[in-house]
Amino acid sequence: MKKAAQLIKPLTVIILTIICLFSQTACTAAQANKIVGSDTIYQQRTVHNPDGIGKFYMGREIAQVMGYEGAGWLERPSRGMEEKSARLVNNLDLKPTDIVADIGAGTGYFSFRIANLVPEGKVFAVDVQPEMINFLELNKKEKNITNVEPVLGSFDNPNLPENSVDLVVMVDAYHEFAYPREMMEGIVKALKPGGRAVSIEYRGENPMIPIKGLHKMTQKQVKKEMAAVGLVWKETKDMLPQQHLMVFEKQSQV
């Protein structure tokens, strides 16, 4: 009996250990399932594309922001010919009285071109980099254009008045938004009922376009992300050499 008791004691310890380990595994699995099943908007990954920030949204990795150091590239003389900038602006279907927001305006390359087409309206040139706002102020003074208003946005908010904008334009900018859901929710609030949001992105469907992968988007992905904030796709204009021009609309209030 003494020997049996000596054998039972270590067996009991082993069994209890196994039960504890099983319980920990079950608990960990439950926590993992909770995380996977949660409504988390973003996912952070340590292994990712070096051109991205390791943050994923709706299956897409967010691209690194082009800093203000690249201002010269935005204003390069060949840009108009390469991207058909005049064609882009002329296909925005602008009215002279429109209030427009250029999100990710940078130096104002498009803001000032749009301003000429809305002489009775206004352009909010929004950027999150104070250095870009300085460039905008300098260009505004140099060009003597009064209907462009530089606006310093935050990473999750364009800082625009509610129901104030007829048209939002995002030229090669949306894929770099650090908080795309929050930023787009702010943009939707800024749009008037029936207002339009135009997304211009390099075609992700075409691997031959010489732009880094994370700086391109497919129509399918753009539609999915715009639908997530309630915007309705109206049309895609493929009249640009390398980019989609996609038009979305904010539903009118009933």
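Predicted model: local features only at pLDDT ≥ 70, side-chain atom pairs only at ≥ 80, totals over all residues.
View 1. H6 itself covers residues 130-143. The helix has 14 residues and runs 20 Å from its first C-alpha to its last, close to the 20 Å expected at 1.5 Å a residue.

**View 2. The buried side of H6.** Which residues of H6 are buried? They are Met132, Ile133, Leu136 and Asn139. These residues sit on the same side of H6 because they cover an arc of only 125° around the axis.

View 3. Buried, partly exposed or exposed: what is Phe135? Its relative accessibility is 30%, so Phe135 counts as partly exposed.

View 4. Pro180 lies in H7, which spans residues 180-190. With a relative accessibility of 0%, Pro180 counts as buried. Which residues touch it, once neighbours within four places in sequence are set aside? Pro180 is in contact with Tyr42, Tyr57, Arg60, Ile62 and Tyr174. Take Tyr57 from that list: it is 123 residues away from Pro180 along the chain, yet their C-alpha atoms are separated by 7.9 Å.

View 5. H8 covers residues 219-227, and its buried residues are Gln219, Gln221, Val222, Glu225 and Met226. They cover an arc of only 165° around the axis, so they are on the same side of H8. Zoom in on Gln221: at 16% relative accessibility it counts as buried, because the cut-off is under 20%. Neighbours within four places aside, Gln221 is in contact with Tyr57, Met58 and Arg60. Tyr57 and Arg60 are also among the contacts of Pro180.

**View 6. Two loop residues with positive phi.** Asp93 is not a glycine, but has a positive phi of about 55°. Where is it? Asp93 is in the loop between helix H4 (85-90) and strand S4 (99-103). Its relative accessible area is 43%, so Asp93 is partly exposed. Asn159, not a glycine either, has a positive phi of about 60°. Asn159 is found in the loop between S6 and strand S7 (165-171). With a relative accessible area of 39%, Asn159 is partly exposed.

**View 7. Zooming out to the whole chain.** The protein chain has 8 helices and 11 strands. Of its 254 residues, 44% are buried. Among contacts between residues at least 6 apart in sequence, 65% join residues at least 24 apart. The accessible surface comes to about 14,000 Å², and carbon and sulfur atoms account for 58% of it.

Methods. Residues numbered from 1 in each chain as written. Heavy atoms only, no water. Helix = DSSP H or I, 4+ residues; strand = E, 2+ residues; numbered from the N terminus. Buried < 20%, exposed > 50% of the residue type's maximum accessible area, 1.4 Å probe, protein only. Contact = heavy atoms within 4.5 Å. Areas by Shrake-Rupley, 256 points an atom, 1.4 Å probe, with all protein chains shown as cover. Expected span 1.5 Å × (residues − 1). Arc of directions from axis to C-beta.
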